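Please open the model in your viewer and keep the selection tool at hand.

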Amino acid sequence: MSRLMINGGKPLKGDLSVHGAKNAVLPILAASILCDDGVSVIHNCPDLRDVATTIEILKYLGVSVTRTGHTLTVDARSRLGNHIPKHLMQQLRSSIIFMGAIVARKHKAKISLPGGCELGPRPIDLHIKALQDLGCKIKEKKNCILIRSKKMKCGTIHLAFPSVGATENAMLTSCLSPGITIVENAAKEPEIIDLACFLNAMGACICGAGTNRIEIHGVSHLHAADYTIMPDRIAAITYLCCAATTGGDITLHNVISEHMEPALSLLAQCGCLVEAKEHTIHIAAPSCLTMPPAIVTEPYPGFPTDAQSLFLALLTTANGIGHIRENIFSGRFKVATELRKMGAAIALNNNEATITGVPGLHGATVKATDLRGGAALVIAALGAQGTTEIENLHYIDRGYDNLTTNLTRLGADIHRI
């Protein structure tokens with residue numbers, strides 16, 4: 001089993017280009033099966049475990065996928081399957097996105113319940129209701145979901161919560177349905193915009209992505225597209241936190257600063273010098289961070305839940321007492337147990353964490369319990385004194401392309417064993 005060995009206390013310095021967004025490439029790969037008459041070429045695809053699993057799902061469905069560097073060529077012209085088995089669905093949560101894409105193309109689907117990181121209850125009822133609003137008949141049988149859509153219909157879908165996945169499934173299902181479908185209280189995340197741009201490049205007619213009201217004008221056919229995935233905002237925030245915890249000075253390239261405004265503002269309030277341009281971000285960190293005001297996770301454009309664990313680790317050595325309230329996933333604070341092994345002072349009360357800054361962390365043997373929690377341990381280890389050993393790297397591999405190589409390039413003492 002692989003593990004990371006990190007000797008902390010070394011300031012990060014240098015330049016780094018951020019890879020393509022995990023949370024954008026996965027639904028876009030699912031959307032690629034809607035094209036049955038050409039070959040789509042998708043650039044800036046990171047080499048991640050989640051992407052590899054998504055490619056496995058595509059191949060199981062009968063799709064041809066080839067990778068050349070960070071470019072994927074997707075050919076879905078062959079006879080497409082409509083079933084995804086349990087062993088593939090349970091490897092990642094976002095596999096549920098295939099539900100809408102398969103139904104749009106095949107008008108029926110049989111999929112197992114999805115898996116992924118254990119971050120607390122994440123019901124798929126919003127996904128199911130969205131498809132039912134579009135005329136789908138859905139049954140659950142032996143941990144499988146059976147969907148049929150003999151006659152799709154248009155209408156208005158109102159989401160009780162601005163779920164990213166449910167918004168994406170509604171878009172994928174309705175873009176080939178006749179008439180106009182409206183998604184109210186839609187998720188506004190940049191990855192939603194990226195999916196809409198890809199679908200529109202294929203010939204779809206979607207407007208309003210990035211707002212709480214998305215309008216989809218159904219078309220009869222979609223064609224192949226050549227598309228480049230947006231930069232990964234959570235990976236960018238991760239590297240910024242790595243620099244901040246070590247008192248470093250780095251510049252990130254291939255970023256969209258606008259997508260990270262809440263995190264950038266917090267880093268500035270921690271005492272970091274943050275210079276954000278359209279596609280670059282420079283951060284210079286002080287020797288000791290200041291505790292920022294309370295952090296509350298919210299749907300975009302609020303502070304992202306995916307960055308919560310990263311800041312939890314970062315603030316363990318900041319001056320003062322801080323608070324984080326997690327409003328999205330109840331299991332996000334699992335990493336606190338591991339951070340305490342390194343000397344962190346974190347008290348939990350339901351969905352709130354109170355962080356009392358300590359002078360420094362020390363090395364320890366810790367385990368990643370989820371993707372962003374694993375990244376948080378890397379942040380903590382880089383700033384700690386001594387050697388930290390991080391186990392369960394398969395979680396980290398789900399969302400970071402060449403993490404060890406990139407951090408080494410910035411001056412970190414990090415080795416994968």
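Are lysine 22 and aspartate 50 buried or exposed? Select both: lysine 22 is buried, as is aspartate 50, where buried means under 20% relative accessible area, exposed over 50%, and partly exposed in between (1.4 Å probe, protein chains only).

This is a predicted model, in which local features need pLDDT of at least 70 and side-chain atom pairs count only at pLDDT 80 or more, while totals for chains, interfaces and linings use all residues. Residues are numbered from 1 along each chain as its sequence is written, and side-chain values use heavy atoms, with hydrogens and water left out.

Keep the pair selected: lysine 22 forms a salt bridge with aspartate 50, their closest N and O atoms being 3.4 Å apart. A salt bridge is a side-chain nitrogen of Lys or Arg within 4 Å of a carboxyl oxygen of Asp or Glu. Lysine 22 lies in helix 1 (residues 22-31) and aspartate 50 in helix 2 (residues 49-60), so the pair ties together parts 28 residues apart in sequence. Helices are DSSP runs (H or I, at least four residues), as are strands (E, at least two), numbered from the N terminus.

Next, select glutamate 389 and arginine 3, which form a salt bridge with the closest N and O atoms 2.9 Å apart. Glutamate 389 belongs to strand 23 (residues 387-391), whereas arginine 3 is in the segment before strand 1 (4-7), 386 residues apart.

Finally, select aspartate 75 and arginine 77, whose side chains meet in a salt bridge (2.8 Å, N to O).
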